[in-house]
Amino acid sequence: MAEDCFRFQLITGDGVLDMQGLENFTRTTNLSQRGVSYAVVAIMGPQSGGKSTLLNKLFQTNFRMMDAEEGRSQTTQGIWIGKGIGIEPFTIAMDVEGSDSRERGQDGATFEKQSALFALAIADIVMINMWCHDIGREHAANRPLLKTVFEAMTRLFRARKTTRSLSSVTTPRLHLNV
């Protein structure tokens with residue numbers, strides 16, 4: 001029997017977390033028995049940029065893909081996850097709704113930022129998919145969203161500051177024996 005990727009919508013297009021679906025995914029895939037031996041890979045980028053297709057090819061998932069004959073439109077709504085097939089360690093692929101969607105319009109910026117920050121917080125690896133001809137363009141390359149992402153990453157990975165006074169910190173000394 002072929003292995004199933006068990007994809008499901010983790011967060012709806014309205015921003016609602018599906019706890020029952022997450023519990024079912026965890027139970028069905030035996031995720032809780034894996035401890036910390038798993039990886040989460042997320043993908044972000046513009047609508048109709050091929051994110052779901054890329055995840056399906058890389059991880060053998062079955063996320064819904066755009067039908068080019070029907071024209072460009074929103075395919076993925078919210079955030080979907082699926083189990084990667086034939087990959088060790090156990091890998092969860094996270095398909096994030098495309099940014100700059102015509103369907104969300106100007107009101108989509110808040111959801112885009114929230115979903116990007118969620119992906120950053122959860123994923124071990126975040127892939128950013130963009131059209132090469134959009135690089136350098138202010139909005140076509142999702143620069144405002146990327147700025148949010150990189151600012152959050154900088155804050156997350158910045159060295160932790162301490163509240164101790166400088167007088168209580170001892171300077172390490174190098175001793176050489178010649």
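This is a predicted model: local features need pLDDT of at least 70, side-chain atom pairs count only at pLDDT 80 or more; totals for chains, interfaces and linings use all residues.
**Figure 1. The protein and its surface.** Of its 178 residues, 37% count as buried.

**Figure 2. The order of helices and strands.** Here we follow the chain through 4 helices and 5 strands. Starting at the N terminus, the elements come in the order β-α-β-α-β-β-α-β-α. Among contacts with a separation of 6 or more, 66% are between residues 24 or more positions apart.

Figure 3. The structure holds 1 aromatic pair. Its partners are F8 and F25, whose rings are tilted, with 5.7 Å from centre to centre and 40° between the planes. The pair links distant parts of the chain, since F8 belongs to strand β1 (residues 8-11) and F25 to helix α1 (residues 19-28), 17 residues apart. Both F8 and F25 are buried.

**Figure 4. A close-up of T61 and its surroundings.** Let us now visit the loop between α2 (51-59) and β3 (79-83), where T61 is found. With a relative accessible area of 7%, T61 counts as buried because this value is under 20%. Its side chain makes a polar contact of 2.8 Å with the side chain of N56, and the T61 side chain also reaches the backbone oxygen of L55 at 3.3 Å. Beyond the neighbours within four places in sequence, T61 is in contact with C5, L55, N56, G82, K83, G84 and A93.

Methods. Residues are numbered from 1 along each chain as its sequence is written. Side-chain values use heavy atoms; hydrogens and water are left out. Helices (H or I, at least four residues) and strands (E, at least two) are DSSP runs, numbered from the N terminus. Buried means under 20% relative accessible area, exposed over 50%, partly exposed in between (1.4 Å probe, protein chains only). Contact means heavy atoms within 4.5 Å. Rings of Phe, Tyr and Trp (its six-membered ring) pair if their centres lie within 6.5 Å; planes under 30 degrees apart count as stacked, over 60 as edge-to-face and the rest as tilted. A polar contact is a pair of N or O atoms within 3.5 Å; within protein, one must be able to donate a hydrogen and the other to accept it, and residues adjacent in sequence count only if both atoms are side-chain atoms.
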